[in-house]
Amino acid sequence: MEPILDIKGLSKAYDGFQLKPFDLRLERGSIMGFIGPNGAGKSTTIRAIMNLVRKDGGDIKIFGLDHIRHEQKIKDKIGVVFDEGHFYEDLSLHDTMKFISRFYTQWDSSQFDHYVKQFQLPLKKKIKELSKGMKMKFSLAIALSHHAELLIMDEPTSGLDPLVRSELLDILMTVMQDEQKAILLSTHITSDLDKIADYITLLHNGSLLFTKPKDALADQYGVVKGDLRQLPLLQELCIGVKKNSYGFEALVDDRARVKRELGDAVLIEKPNLEEIMLFYTRRELHA
Ligand SMILES: Nc1ncnc2c1ncn2[C@@H]1O[C@H](COP(=O)(O)OP(=O)(O)OP(=O)(O)O)[C@@H](O)[C@H]1O
């Protein structure tokens, strides 16, 4: 089946920053976690997908259609949530909803009312009177109320308290139940992705380092801890190493092989996403 989002050779340069050409495919029924340190290029990628910045090179297809030629048609079926508000600060929530809903052919008022109740949104208040968390919830309510098939979210959980974050993750899981939708979710809160992502894409300094199934990362990768004397034996397997005067910690992409070759001489643990990201992006660290 055709991917819902198909990026080929996307590139974009700013003064002092280069998003180097990369490919990315997102299939229906999948949640892709988009991670990377500050300034990696995540928002630039998302803005290029949404045609909010002009890409320098590459092709982007959404629902099989070119993202610029068919922008209107595509945006009708995309729900977006950005970390910064894109609403008029002086409009009330109700008026903002009225204004925005006209742009969507499949606007669903009862769905919107449902989220207004769930998130306890004060419809009479102006956007500028909302807390950051409330703005995010409003943004989400809008994104989820027009039967979008692709959700693109840039830091949707930043500024949300743990309870609301957990609610949001549950909602996203529910949205995914029909297997026809997909979510691209950029975040620094990797523990959210530990819970819900199917694939992880890591960007660093404008380069795509990998796209992998989340389960493969958990099944194959390992954090190895040991004595510095054992480190040379591991060198070729290491993705990143952190040393101190007592020993080392290293990320390896073949936990089973380390177990076979070094056995109980080292301690081997399953890494979480945060550890994987840190080791990849700080290749050599002396604590
Ligand atoms: N409009 C712009 N003009 C010039 N440089 C820009 C512009 N937008 C982004 N950049 C630069 O591009 C680089 C990537 O920024 P981007 O916002 O895509 O990173 P990010 O991965 O989303 O980071 P963060 O996690 O901090 O949001 C940064 O060095 C940033 O300064």
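**Ground rules.** I call two strands paired if DSSP finds at least two bridges between them. Helices (H or I, at least four residues) and strands (E, at least two) are DSSP runs, numbered from the N terminus. This is a predicted model, in which local features need pLDDT of at least 70 and side-chain atom pairs count only at pLDDT 80 or more, while totals for chains, interfaces and linings use all residues. Residues are numbered from 1 along each chain as its sequence is written.

**Entry 1: strand S13.** I began with S13, residues 248-252. Which strands pair with S13? I found strand S11 (residues 222-226), joined to S13 by five bridges and running antiparallel. Val-223 stands opposite Leu-251 there. Strand S12 (residues 238-243) is also antiparallel to S13, again over five bridges, with Lys-242 opposite Glu-249. A hairpin of four residues links S12 to S13.

Next I checked burial (buried means 20 or more other C-beta atoms within 10 Å of a residue's own, exposed 12 or fewer, partly exposed in between, with C-beta atoms placed from the backbone). Five of the five residues in S13 are buried. In a regular strand, side chains alternate between the two faces of the sheet. Phe-248, Ala-250 and Val-252 lie on one side of S13, Glu-249 and Leu-251 on the other, and both faces are covered.

**Entry 2: the open sheet.** I then traced six strands in the order S6-S7-S8-S3-S9-S10, with mixed pairing. Strands S6 (78-81) and S10 (207-213) are at the edges with a single partner strand each, so one side of each has no neighbour in the sheet. On average, neighbouring strands are turned by 15 degrees against each other, direction ignored. (Axes are lines fitted to C-alpha atoms, for helices over the stretch in contact, and angles run from 0 to 180 degrees between N-to-C directions.)

Strand S3 (residues 31-35) pairs with S8 (residues 182-186) in the parallel sense over four bridges, and Ile-31 has Ile-183 as its bridge partner in S8. Helix H1 (residues 42-49) packs on this sheet, touching S3, S7, S8 and S9, and its direction makes about 145 degrees with that of S7. For contact, I used C-beta atoms, placed from the backbone, within 7 Å. Helix H11 (residues 273-281) packs on the sheet too, touching S3, S9 and S10, at about 30 degrees to S9.

Entry 3: Which element gives the most residues to the shell around the ligand? I found that H1 does, with three.

Definitions and conventions. Contact = placed C-beta atoms within 7 Å.
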